[in-house]
Amino acid sequence: MSQPPLLFDESHCEECACGKGLDFQFSFAFQPIIDATTRSVFAYEALVRGPGGEGALSVLDKVTDENLYAFDQVCRVKAVKLASRLNMSAYLSINFMPNAVYQAEYCIRTTLAAARTYHFDTNKIIFEVTEGESLTDLDHLVSIIDAYREMGFLVALDDFGAGMSRFNLLMASPPHLLKLDMGLIRDVDHQANKQAVVIGIIETISRLGGRIIAEGVETEAEYAWLREHGVELFQGFLFARPGFETLPEPWFPE
């Protein structure tokens, strides 16, 4: 796979943080992922927003095949810089686009450079791959995950159950974290068929050495059922809504 025309390094960090190379601006909101066992914030997910807090689609609609690589790189730098500015001590979870990664060891240089520049601990970074992205080359995705794992990053598979669930990826390179899509979470406390599926996924990822994150949790009943079945990590409006350029303090159920 060929390398991109521009190599990002420390000299490009401030340019990336300012969005140079793109004809639109954006920022981030952060939503906590809580650890119910320790009653602490495990991570904050960086969620793309417009420069004034507009929804993610106002930004993502402007991403094209031509600016995808630049957008991916600028996202990483902006997220790291803002997390550092907010004195984030929890993990920072960044969504990444496999189709924008030419070669993991090459493209990760931007993230490493930004972490050095803005004094953010690289051991506190999680990369999330979204299940919904069209990716036909499983080997390419596995190579990215394996490389990130070897570099010490945590890897999460996002939106699991939203579409073509990547069971083949689970077998080829199990992620550290698997985020159950909110479609599986909604009303799980009283839908027997959904419960059977979720219990199976919990058992599978446990046997593979990973952890479940239940995302999109909105009711205490959903939370209670998931806790009863061993889930420790949670994300959703029940605990905190995303905060634009802030780190919201979550609510912990009793």
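A: Arg211 is partly exposed, at a relative accessible area of 30%; buried means under 20%, exposed over 50%, and partly exposed in between (1.4 Å probe, protein chains only). This is a predicted model, in which local features need pLDDT of at least 70, side-chain atom pairs count only at pLDDT 80 or more, and totals for chains, interfaces and linings use all residues. Residues are numbered from 1 along each chain as its sequence is written, and side-chain values use heavy atoms, without hydrogens and water.

Q: With which residue does Arg211 form a salt bridge?
A: Side chains of opposite charge can pair when their charged atoms come close. A salt bridge is a side-chain nitrogen of Lys or Arg within 4 Å of a carboxyl oxygen of Asp or Glu. Arg211 pairs with Glu232, the closest N and O atoms being 2.8 Å apart. Glu232 is partly exposed, at 29%.

Q: Is Lys179 buried or exposed?
A: Lys179 counts as buried, at 0% relative accessibility. Its side chain meets that of Glu45 in a salt bridge (2.9 Å, N to O). Glu45, at 4% relative accessibility, also counts as buried. Lys179 forms a salt bridge with Glu128 as well, with the closest N and O atoms 3.1 Å apart.

Q: Which residues touch the most other members of the largest nonpolar core?
A: In soluble globular proteins, nonpolar side chains tend to be buried together. A nonpolar core is a set of buried Ala, Val, Leu, Ile, Met, Phe, Trp, Tyr and Cys residues joined through side-chain atoms within 4.5 Å. The largest has 65 residues, and Phe26, Phe28, Phe71, Leu92, Val217, Leu226 and Phe234 touch the most other members.
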